[in-house]
Amino acid sequence: MTQLELDEAKARELEEKFDPEMRFRPLGSLAGRIVGGALVALSLFHYYTAGFGLLSEMLHRGIHLAFVLGLVFLVFPATPRGYAAPPASRWMTPLGIPLLDWVLFAAALAAVLHVPLIPLDDLAFRVGNPTSTDVALGAILIVLLIEANRRTIGWPLPLIAISFMAYALFGPQMPGIFVHPGATVSQLVNHLYLTSQGIYGVALGVVATYVFHFVLFGVFATRIGLGQLFLDCAAWVAGRYAGGPAKVSIFGSALFGMISGSSVANTVTVGSLTIPMMVRLGYKKHFAAAVESTASTGGQITPPILGAAAFLMIEFLNLPYTTIILASIIPAFMHFFGVFMQVHFEAKRDGLRGLRPDEMPDLKAAFKRDWPTVIPLIGLIYMLFAGYTPYLAAFTGITLAVLVGLFNPMRRMRPIEIIEGLRDGAKYALAVGVASACVGIVVGVVTLTGVGFKISFIVTSFAADMAQASAALLPAWVMGLQTLTLLFTLILTAIVCVLMGCGIPTTATYIIMVTVAAPALGLLGVEPIVAHFFVFYYGVLADITPPVAIAAYAAAGMAGADPFKTGNTAFRLALGKALVPFVFVFSPSILLVAKGFNWPDFATAFAGCVIGITFLSAAFSAYLLVPARLWERLVLAVASILLIAPEIWSSIAGLVLAAPVILAQLARRRGASMAA
């Protein structure tokens, strides 16, 4: 086995260990061919419909969910032990898969396809008047979704769905403002199963129409060598400077994030190269792991592909995907810039070297070998900005990737590798598919009971009380009552997003928070795209926030570091990302496409963020131009907050406050140079 194959095997092992979405059941040869054939068929269905026309809405979503939900029971074991080794071949485990899972597979097909196959006129009549068959199959589907999500992502999302259904059923017993008339089991199942506001709603539609295709594109783009070309480019650009491998991990994760929307996949793929190099150069193991995991979470916010949640914005906001791409450019830059500055200051403080010439990749050879791999990405981006639908753009990108793979003489794909790509693409999309359907349960309960508005009222009322208490302690010119109310609402929303994201995929977190929390921001006048981006960013942050920081834990596994220490360090490195969402709420111009955009506001906010993140990074790293003293770090931290606040007067105050620190640093640097 080659070193590359060993690295890939190690990456897969870590993905399975730390990401429940990757814990696939080992299958025997016959079972593997049967299940693999179904996965390939699922990919071909999506590939064909993306290029030659989608089916009717309900039928398209139904076929997608039937495949996805059924295959979960064949691909994912019921218990963690189930993926350690295939079960014994007995009549209770035909083809190495438990008989119960075959039964669940069949039940999933029957329950899911029942609704799409009902004639539309008949379905319209049955909404509100479900038959006993409708109720029975709807109840079965709900139970299957709970179990499928438990297998793929664990208990958090299923427990949330169960709690919301309990709220719908026991409305009269709820306390205070949460009381409502309640719903019968039949009414609840009717709403979740027969309408487009529940399981078959927008979340499922987005995954079936957009997300699946981009997952498939990412798989093929990686297989033809685009990811390796990005890593070689990153090493050539950043590797030679102080702390080179850490900077390579940042640039590499940013580039690799363009084709992968998964934090864990980014971490193990890029980290297999950068983490050992960082440790060899002298970085502490937990810091090396934290750098990689923090940079890798940027994959979900890096255009043009972003993560699955970005595609949901298209439907929720009714905006073209190009608008979402443009809005994400500056916030993504700020995330990577914040990590870069902390890495740079750490390297300067500890005297860490860059890569030697013999350790650098041969960029000319890399481009000679892999330049065709850029063609699919260029084609995809062109289609997006030319105004074509995202799924047609993905179809173009996949087609070009396959053609490049077949005809690139330097890295040619065999036909069997194309089949494997179709199989793996579908397999990687199973977890997000069933999660989107399960989130439909939560959304359905919110629309049925109106609890979202009640939660928004509670949040804004509590924030208003906190604002009034704070206003009594602050001069009126510092911050008005309305601004304080918005600030506390943002803080509460951010905390809930991070807590909600512990163990729940970003997509599910985003949908839930948009449903129950974003309306609170809307009540305070926050523009919809700004509110959605705020929720989206804090959902992504959960991947590196203890106690359930799956990307940080995966990186810690690669580095042999303490997972919790890695998670804490990763969160510190991501503080730039944590503060930037507040900026684009108070200064929407930073998103480029928000209403009222103007260049003076943008310039003030952008410059303030860049300088403020630099000072904050220096405060945490204890280094700016020379090692920083405690008083200097404290002053820089306060100055950074003033600079990041998007007001010209606060930015000026931040610069004035930081001036003595900069002068003291310059004096000590000059003295050190003269002494040398």
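Helices (H or I, at least four residues) and strands (E, at least two) are DSSP runs, numbered from the N terminus. The model is predicted: local features need pLDDT of at least 70, side-chain atom pairs count only at pLDDT 80 or more, and totals for chains, interfaces and linings use all residues. Residues are numbered from 1 along each chain as its sequence is written, and side-chain values use heavy atoms, with hydrogens and water left out.

**Exercise 1.** Determine where A622 lies and whether A622 is buried or exposed.

Solution. Step one: A622 belongs to the loop between α28 (599-621) and α29 (630-644). Step two: buried means under 20% relative accessible area, exposed over 50%, partly exposed in between (1.4 Å probe, protein chains only). Step three: the relative accessible area of A622 is 16%, so A622 is buried. Step four: A622 is not a glycine, yet its phi is positive, about 60°. For background, most residues other than glycine have a negative phi.

**Exercise 2.** Describe how covered helix α14 is, and what follows this helix.

Solution. Step one: α14 spans residues 308-317, and eight of its 10 residues are buried. Step two: among these buried residues are F311, L312, M313 and I314. Step three: the elements that cover them include α9 (202-223), α15 (321-350) and α19 (415-449). Step four: just after α14, N318 takes a positive phi of about 55°. N318 lies in the loop between α14 and α15, and its relative accessible area of 69% means that N318 is exposed. Step five: the loop between α13 (285-296) and α14 holds P304, which a cis peptide bond joins to P303, with omega about 15°.

**Exercise 3.** Work out how helices α10 and α16 are oriented to each other, and which residues make the contact.

Solution. Step one: the axes of α10 (residues 226-238) and α16 (residues 363-370) come within 10 Å and cross at roughly 160°. Axes are lines fitted to C-alpha atoms, for helices over the stretch in contact, and angles run from 0 to 180 degrees between N-to-C directions. Step two: angles under 35 degrees count as roughly parallel, over 145 as roughly antiparallel, 65 to 115 as roughly perpendicular and the rest as oblique. The two helices α10 and α16 are therefore roughly antiparallel. Step three: contact means heavy atoms within 4.5 Å. Q228, L229, D232, C233 and W236 of α10 meet L363, A366, F367, R369 and D370 of α16. Step four: C233 is buried, because its relative accessibility is 15%.
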